[in-house]
Every structure is written in C-alpha cells, then in structure tokens.
Amino acid sequence: MNLDAMMSFYSRFKSREDASYDLLKFKVNEILLVSSHYDAYIFEQDGVLSEQLIGEFHQLNLSFPPRITHVTTAAGALDVLASRPVDLVILTVRIGDVSPPEAARRIKQRRPDLAVLLLLNNPYDVAFYEQDRTRLGPIDDLFFWSGNSNVFLAMIKSVEDRRNLADDTRNGLVRVILVIEDSAKHGSSFLPLLYALIVRQTQQLISEEVSETARRRRMRMRPKVILVHDFAEAERVYQEYKDYLISIISDVAFERSGALDEQAGVRFIEMVRSHNRTLPVLIQSADAGNAARAQGLNATFLDKNSPHLLAELRDFIVGQLGFGDFVFRTRDGHEIARAASMQEFMDRLPEVPDDSFLFHAAHNHFSGWLIAHGEVEYAKKIQPMRVEDFATTGALRRYLIEGFTELGLAKNRGRLVVLSEWEHLDRSQVVRLREGSLGGKGRGLAFMNALIHALDLDRHFPGVEVTLPVTAIIGTREFEEFLEHNDIGPEIVQRTDEEIRATFLAGRLSDRLSDRLWRFCERVTTPIAVRSSGLLEDSQSCPLAGVYRTYMLPNRGADLQQRFDEVVAAIKLVYACVFESESRDHVTLSGYKLEEETMAVVLQEIVGVGHGDTFYPDVSGVAQSHNYYPAGPVKPDDGVASVALGLGRTVVEGRRVTRFCPRFPELDLIAPEELVRGSQRELWAIDLSAAPFAFLEGEDRTLKRLDLKAAESHGTLAPVGSVWDRENERMVDGLAVPGLRVVTFANVLKYRMFPLAELLEQFLTLGQTALGVPVEIEFAANVVRGRPGRARPAFHVLQIRPISVDSSVVDVAREVPGGDPDVLLYSEEALGNGVFEDVADVVFVPPDAFQVTQTAAIRQEVAAINRRMKDEGRRYLLIGPGRWGSRDRFLGIPVLWADISEARVIVESDLESFRVEASQGSHFFHNLVARNVGYLKIRWGGDTGFVHWAALKGVQIVEQTPHCVHARFPRPLSVRMDGRHGHAVVRLPGD
C-alpha cells in the first residue's frame with residue numbers, strides 16, 4: 001500500500017486576501033507543520049482549523065485563517081521552504097531521525113528570521129528541555145499540547161504579537177500584557193485562556209461601536225500578549241513598552257543573571273512598583289508563602305497548586321481587566337440577561353422579552369456582535385433589515401433563530417457530519433452531535449475512519465466489510481455548557497460518588513443535543529455503547545484507559561421515549577465520572593488539574609449478532625504493534641493480539657483470552673496443556689432482556705455471562721473452537737469430536753476462514769506509521785458468512801491509541817538462581833525500559849501467605865499500604881503471584897490502578913501451585929506503559945527469571961498485614977530494564 005496516500009484526504013484552507021491596515025502588518029498566513037501523520041490529523045480534525053482556529057480568527061477579524069502545510073521530516077521542510085513562503089514552523093518530536101534542535105538549525109540556516117516553535121505532548125520531553133533551555137538551540141520557544149487545541153491559537157498569536165509589537169504600539173497605541181513564565185506546561189494551559197478572554201473583551205468593545213470603520217479598527221487594536229521566560233528579557237520588554245502595559249502576569253521562580261532565582265518574580269514586580277503602583281499584577285507561584293509578598297506589592301496572588309487555578313486566573317482577568325459578555329438590556333439600560341458565546345446567545349434569544357429584543361434589533365446590536373464572532377456573511381444579511389420589514393416581533397424572532405440554527409449546521413465539515421446530513425446508517429461517516437473537541441477516543445476514531453475510507457480498505461479485503469461501527473460524537477462543548485447551565489461547580493468534588501451521580505442525573509442536556517439524540521435514537525435501533533472520550537483520555541501523557549465509564553445499552557423495543565431516556569441518562573453518568581474519586585486520583589497522579597479535563601462522549605453501535613435474548617460479536621480483541629512478551633521467533637516489532645469470543649470486556653479486563661502474533665498466526669505461543677488450563681471458559685454478551693435503566697445500578701447490569709455450551713448452541717463456538725483429546729494429549733481443531741471444548745481460534749488463524757491476522761497486521765502497520773509511535777487498537781468482528789441481513793463478514797475498529805516505547809539503550813546481563821548474591825530478582829519477560837535508583841521500599845505477598853480465595857482481601861491490604869506511600873511521597877517495588885489488575889480474582893489480585901499508583905516496578909511471580917499467563921488487560925497495560933512503570937513476569941521452575949526470597953529476610957519491616965509485607969532497605973535498590981530484549985534485573989543496595 002502506498003502510505004503517501006495516507007494524507008490525501010486532508011483539506012487545506014487557502015489564505016485569503018486581507019485588508020491593508022497599518023496595524024498587524026505581519027500575519028501568520030502559512031504554517032509549516034513538521035510532525036507525524038497522526039499528529040497532523042488530530043491537530044486539524046480535533047478543532048484547530050475547523051472550529052477553534054477559524055472561529056477565533058474571525059471573531060477578531062484580524063486575518064483569515066492560516067494555511068497549514070504538513071511534512072514528516074526535516075528534509076521535507078527544507079523542500080517546502082525552497083518553494084513557498086512560510087511564516088511559522090511548528091516542530092514535534094517524532095520527525096524522523098533528526099532531532100528538533102537540529103531540524104531548527106537547518107531551517108534557520110535557510111531562513112534566519114523564521115519563527116520555529118517546538119510543540120511537545122509528553123511531560124518527560126518537556127522536562128528534558130526545561131532543565132536546560134540551551135538544549136533548544138535555535139528553537140524560539142516551547143509549548144505543550146495536552147489535547148486542548150486552543151494552544152495553537154496561542155502559538156500563532158504569540159508569534160504575531162512579538163513580531164508586530166514595535167509597530168503596533170507606535171502606530172496604534174496598542175496595549176500590552178507582559179507574561180513571565182518559564183514552564184511550558186503551565187504557560188500552554190493559561191495562554192489560550194488569556195487569548196480567549198481577550199477575544200471576548202474585543203467583542204464587547206465592538207458591540208459598542210456604531211460605524212463599520214470603528215469596529216474594524218477596534219478589532220485590530222486588541223492587546224498584545226508578550227511571553228518571556230527570564231528576568232533580563234522581562235526587564236527589556238518592560239523598559240521599552242511600560243507606557244503601553246495594561247497588566248503583568250508573572251511567575252516567581254525563574255532565571256535571573258544566568259541562574260534560577262527563587263524570588264526573581266518578586267524582585268521584578270518590586271522594580272515595576274517603583275514606577276507604577278496601580279498597574280494590575282498577577283503573581284503565580286507553587287509556594288503559598290509568596291501570597292504575603294504579593295499582597296505587599298499590591299498584586300493578586302494565584303497558587304499554581306490550586307485545583308481551581310484556571311478559574312481563578314479567569315476571575316483575575318475578568319475582574320481586573322474588565323473583560324465582558326454580550327448583555328441583553330431594556331431600553332433604559334437595565335440588564336436582564338447576558339451571553340458569553342454564540343450558543344448562549346442562541347439560548348437566550350427565544351427568552352428575551354420583546355422590548356429588549358426590539359431594542360437590540362433596531363440598533364443593529366445583533367449584527368455587530370455576529371461580526372465579532374466571525375459570522376460576517378449572516379451579519380451582513382440581517383444588517384440592512386429593519387424591524388418594520390416583519391409583520392410581527394415573533395416573525396422577526398423566528399427568522400433570526402432559524403438563521404442561527406442554519407449557521408450551526410453549516411459549520412460542520414468533512415467526514416464529521418451533523419445529524420441532519422446523515423440520511424441513513426452510513427458507517428463511512430462519523431456524526432458530530434455537538435461542537436467542541438472530540439476527546440481522546442473520538443480523535444482516534446475519526447482519524448481511523450478517514451484512513452479506512454481514504455485508502456479504500458474494503459478493496460484490499462474483498463468479501464469483508466471494513467469500517468467503524470455506526471459512530472456519533474458529542475463534542476466537549478456540551479459538557480462545558482452542561483456544567484454551566486446546571487450550576488455544577490468545582491465544589492462538586494466534595495460530595496460522594498453517589499451524590500455526584502445523582503446531581504448529574506438531575507441535570508438537563510441542551511435542547512440542541514436532545515433534539516439530535518432523539519433523531520439518532522429514531523435511526524439506530526441496535527445495541528449501542530455510550531463511551532467516555534475525555535480530552536486527556538488515551539493520551540501518552542495522561543493515561544486514563546479503563547478509568548472512565550462505558551455503558552452498554554440494549555436499545556431494544558418500540559418505546560422510543562424509553563430508549564432516548566436511557567441514552568440521556570448514560571451520557572450524564574459519563575459526565576459525572578470525570579468528578580468521581582477514582583478519576584480525580586488518576587488525573588492528579590498524571591500531573592494535571594481536574595479542571596483541565598473535559599469530556600466528549602462517543603455513541604457507538606455495538607458490533608454483534610443477536611442470539612435469543614443475547615447479543616455479541618464472534619470475535620473481539622486488542623492488538624498492539626509492539627509485543628512486550630515475544631517468544632520463539634517472534635520479535636517485539638511483530639506485534640501481538642489478544643482475542644476472545646463475545647464482547648471485548650473479556651480482553652480489556654485481563655481475563656482468559658487467546659494470544660497470537662498477527663505476522664505469524666499459525667505459531668502456537670504457549671504449550672497445548674497451558675492453553676487448555678488458561679483458555680476462555682465464558683463470554684460476555686449484551687442482555688437484551690435487561691430491565692429498563694438497569695445500567696444505573698452498574699455498568700455490568702446490562703451484560704450477561706454465557707458459558708461455551710451456550711455459544712456452541714448459538715453456532716458461534718464452531719469458528720473459534722477446538723477439542724482437547726485428553727487421551728492422546730493433543731488438540732483437535734473444530735468441534736467434530738466429543739471432548740473438552742477449548743477456544744483456540746484455529747479455524748480463523750490457521751485455516752483463514754476470516755482474514756483476521758492480515759487485517760490486524762495491516763491496521764497495526766498503518767496506525768504506527770500514521771501516529772509515529774507503537775499503537776494499540778481495539779476491534780470486533782463477525783466472521784460467519786451468509787447470516788440473515790449480514791451477507792458479508794465484517795471487521796470494525798473500535799478504538800486506537802498510542803503506546804510509548806522508551807528507546808534508550810540499557811544493557812542487562814543474564815543472571816541465574818544462586819549466582820550473584822546481590823541480585824534480588826531477574827526476569828527475561830520484562831515490560832519497560834530504563835534505570836531506576838529511587839526505590840528502597842518493597843511490598844510483597846510472601847508465597848506462604850498467598851491464598852487464591854483471599855485475593856480481594858490482599859487488594860485491600862495493598863491499597864492501604866499504597867495510600868500511606870503516596871502520603872509519604874515514596875515509590876516501591878511490588879511483588880505478588882498471578883496477574884496484577886485482573887478483574888478475574890482467581891487469576892490474580894484484582895487491584896485498580898489507584899490501588900498501586902505509587903509502584904515503580906510491578907512483578908508477577910508464579911508459585912508452584914498458581915501459574916497463569918502474564919497480564920494481558922489492555923487498560924491496565926496502557927497505564928503501565930504511559931507512566932513508564934516496570935512490569936516483570938517470573939515463571940515457576942523456568943530459567944528465565946527468579947526471585948531471591950531469602951534476600952528479603954532481615955530487611956526492616958515497616959508493616960506486616962495478614963497477607964502482605966512492607967519492607968524497607970537502608971538505601972535504594974538498582975533497577976535496570978532492557979526494553980530491547982525484555983530483560984530486567986533488580987540489585988540489592990551496595991554496602
């Protein structure tokens with residue numbers, strides 16, 4: 001397949017002519033994005049150009065949106081520079097063999113004046129460059145992308161503001177906000193907010209202008225935001241532009257005189273106050289002790305550790321700088337309502353009294369505000385109209401409301417279509433039910449949908465339908481409006497999880513979404529999944545796989561109202577889970593603030609076939625392009641898949657599944673005896689007879705467990721089953737003979753009744769090429785041909801997400817039991833890469849204390865120790881039998897991620913009487929990999945690993961519970977993990 005075709009479906013926005021004014025002479029019209037294909041897609045599709053970028057540019061009417069040219073290598077960037085003008089280069093890390101600083105050096109050699117910014121989405125990369133900013137080389141500045149597309153507007157505007165600063169202050173007396181911040185992560189979080197609020201302020205000023213010329217000039221006179229990182233640069237900007245400053249926002253600790261000065265910000269503001277005592281100043285710091293210093297300097301203080309930091313920053317900007325909204329007033333000036341967005345404007349318009357409505361209509365306030373929001377064409381259409389042109393006030397109001405509705409529909413572009421354009425169940429399109437970001441899952445689904453149809457994968461697999469299931473996405477704007485309109489604030493986290501869910505269930509969705517959901521339910525009458533799609537979800541920097549909720553709804557019956565009400569309730573519960581305790585813990589552990597998260601929702605057709613009162617797919621599973629546990633001739637880059645009969649819950653929860661390598665599907669990865677012992681015994685299905693609203697009592701209340709006997713009666717075991725011939729100790733493929741039924745997928749993998757292996761290899765290669773990193777995909781398939789209404793078998797991608805693989809070189813020598821006495825443990829089945837020397841604590845389950853019937857109790861004991869370790873800020877080595885994180889408590893200890901969040905390295909150690917295959921839960925693995933936690937498997941009786949249990953005797957015991965021991969060495973252990981070969985060793989501390 002020609003991978004160059006991968007990006008052929010991207011549309012580019014052309015630069016348009018801009019009016020010639022003295023202000024804003026430099027504009028970013030051409031952006032060169034140097035990144036992987038996937039990064040380019042999510043930046044563009046997730047709202048940067050289609051919503052955020054175009055909307056913000058039009059609201060200010062400063063210029064038309066820039067055109068983005070995308071390349072994947074530094075060499076490609078130089079080719080573009082040689083052939084066309086470029087105003088800004090944005091680099092990411094994944095750009096081939098050349099490092100970002102080297103790429104910037106080559107670009108600057110060609111164009112010394114060209115702005116080059118580095119955009120990172122991994123906190124580890126940010127820390128690397130911020131520890132020593134000289135590592136950036138010729139790169140002009142550093143930004144961090146956490147999934148919020150608004151950062152692109154901040155990047156573009158920061159470049160424009162810096163370039164236009166001198167001319168615009170001199171020619172137009174434009175005001176300036178000076179921002180001093182050396183943290184890319186923090187700056188990238190609040191700069192978009194600052195720009196958004198500046199836009200709102202400009203809109204308010206525009207609404208007060210009468211003439212077109214005055215409005216356009218006001219648009220161009222928005223305040224400049226100048227971002228600097230050290231004292232010297234801040235002082236230079238201040239001295240040169242102090243007469244234009246309207247505010248300073250400053251960090252406290254940053255570089256001064258070549259070294260980090262913990263009070264640099266205080267010293268800078270002291271200098272400012274010697275000249276200006278009234279200038280609004282905001283001091284930000286992670287040290288609450290600086291609050292008193294800020295007060296002494298007549299400055300507002302903002303604690304960077306505050307869980308409500310962005311809200312408090314908004315309060316400062318709105319309160320101190322006078323940013324405002326569109327205000328509906330009576331003729332005598334009395335305020336009766338206000339709107340801060342187009343959606344709020346549309347919501348208020350039907351409710352505003354006639355007197356106020358006519359007052360604004362008569363004075364062209366509506367058209368003026370629309371121009372400020374970028375709706376220029378419609379504003380020009382209604383601007384010449386007079387109130388007298390309509391027979392009644394109601395007729396005028398209806399005309400405007402209908403026009404605004406049409407505007408909302410017209411904004412959707414490309415394969416993400418609004419419901420009104422969705423004439424039938426077309427799986428080639430993803431339906432957008434509300435505006436805003438698509439969230440983590442939504443981004444991946446929209447991206448894969450575009451690839452599938454751009455590359456015409458149906459043609460490559462004749463006889464198989466290759467698509468997404470029917471998919472609709474509720475953008476994050478609905479979540480944000482839901483919180484606002486239902487008066488749900490940050491204090492909600494003080495309530496219990498049950499109270500949070502009750503609060504959200506009592507809330508009301510917007511009329512716009514409700515209308516579209518009703519129409520969606522009219523058209524989709526098969527079981528559907530209501531899935532979370534958080535902004536941070538499935539990202540490499542903040543893994544939340546399996547933390548948020550998914551509700552599987554039977555969606556059956558003629559009662560449309562009931563089906564609609566169930567979907568609405570499930571959406572509200574997905575929103576509620578953002579604020580539940582487990583989710584809050586995960587977000588905090590990842591270094592984010594809860595208010596940085598926002599939620600989209602994916603409504604997705606559940607893949608499957610009905611069998612009586614149950615519904616499930618023939619095959620579901622998870623595949624990874626990188627295999628952390630390769631065996632035999634299989635290499636890590638050959639990938640691995642875990643599949644099961646029935647719903648994918650079996651796989652993602654780490655239950656009994658079948659593993660195979662898509663590149664070598666005939667290869668048996670485990671011995672037949674082990675396959676029999678660990679094979680799938682039951683499957684999950686949708687319970688079509690579940691009581692209405694059963695899911696309110698738990699996610700699994702709409703599901704049913706079936707045994708293999710039921711599957712055989714349905715005809716679904718035959719394609720995937722074999723028989724264990726106990727007498728001859730061999731596996732017989734198919735179900736033609738009596739005996740123990742075993743799920744092996746032999747007919748699919750060995751005899752190719754369905755091209756599952758080929759499909760997975762294709763998608764893994766495609767996904768890794770597009771994303772630039774190893775990937776994991778979830779999928780489901782119906783493999784039987786000729787079913788009623790389903791002539792063709794079908795393969796459906798359900799999700800794609802990136803997984804991290806550390807490529808640094810770590811050598812680990814082979815160890816043997818009884819060899820080096822300083823080796824605590826050794827494994828040749830290790831996940832992770834790197835060297836850790838910050839762990840002195842070991843939490844372990846002694847072999848003689850383990851009982852398989854007590855795994856739930858062991859979980860509680862481990863969780864209690866983990867909480868204390870978290871409070872003390874200590875990491876630890878965790879050792880125990882079976883699968884950590886399995887939802888099947890008879891296969892291991894069923895911990896949640898929050899129960900072991902402080903573990904630095906996790907070890908699965910077999911016992912003679914308790915041997916299971918390595919952990920395979922998709923969600924658990926995603927959290928491990930994204931957080932760079934080591935994971936080691938040690939088999940019983942083999943020569944590929946061991947634990948030197950005797951070495952733990954005599955070590956200080958911090959705590960001992962009925963089943964666990966918390967020991968502490970006097971000095972840290974040495975952990976070395978070789979991710980290239982899957983080897984790891986933990987050595988005792990030296991003398």
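Is W949 buried, partly exposed or exposed? Hold that thought, everyone, and we will come back to it.

First, the ground rules. This is a predicted model, where local features need pLDDT of at least 70 and side-chain atom pairs count only at pLDDT 80 or more, while totals for chains, interfaces and linings use all residues. Residues are numbered from 1 along each chain as its sequence is written, and side-chain values use heavy atoms, leaving out hydrogens and water.

Now the overview. The protein chain has 30 helices and 43 strands; these are DSSP runs numbered from the N terminus, H or I of at least four residues for helices and E of at least two for strands. Of its 991 residues, 60% are buried, meaning under 20% relative accessible area with a 1.4 Å probe and protein chains only, with exposed over 50% and partly exposed in between. Take the contacts (heavy atoms within 4.5 Å) between residues at least 6 apart in sequence: 73% of them join residues at least 24 apart.

Four strands make an open, antiparallel sheet in the order β22-β23-β27-β28, where pairing takes at least two DSSP bridges between two strands. Strand β27, residues 682-687, joins β28 through five bridges, and E682 has D707 as its bridge partner in β28.

Next, a helix. α28 covers residues 756-771, and its 16 residues should span 22 Å at 1.5 Å a residue, which agrees with end C-alpha atoms 22 Å apart; the expected span is 1.5 Å times one less than the number of residues. Its buried residues include L756, L760, F763 and L771.

Finally, the aromatics. The whole structure holds 18 aromatic pairs, counted when ring centres of Phe, Tyr and Trp (its six-membered ring) lie within 6.5 Å; planes under 30 degrees apart are stacked, over 60 edge-to-face, and the rest tilted. Y826 and F946 are a tilted pair, 6.2 Å centre to centre with 35° between the planes. Y826 sits in β34 and F946 in β40, so this pair ties together parts 120 residues apart in sequence. Both Y826 and F946 are buried.

F844 and W949 are tilted too, at 6.1 Å and 55°. F844 lies in β36 and W949 in the loop between β40 and β41, so parts 105 residues apart in sequence are tied together.

And our opening question? W949 counts as partly exposed because its relative accessibility is 25%, whereas F844, at 8%, is buried. Thanks, everyone!
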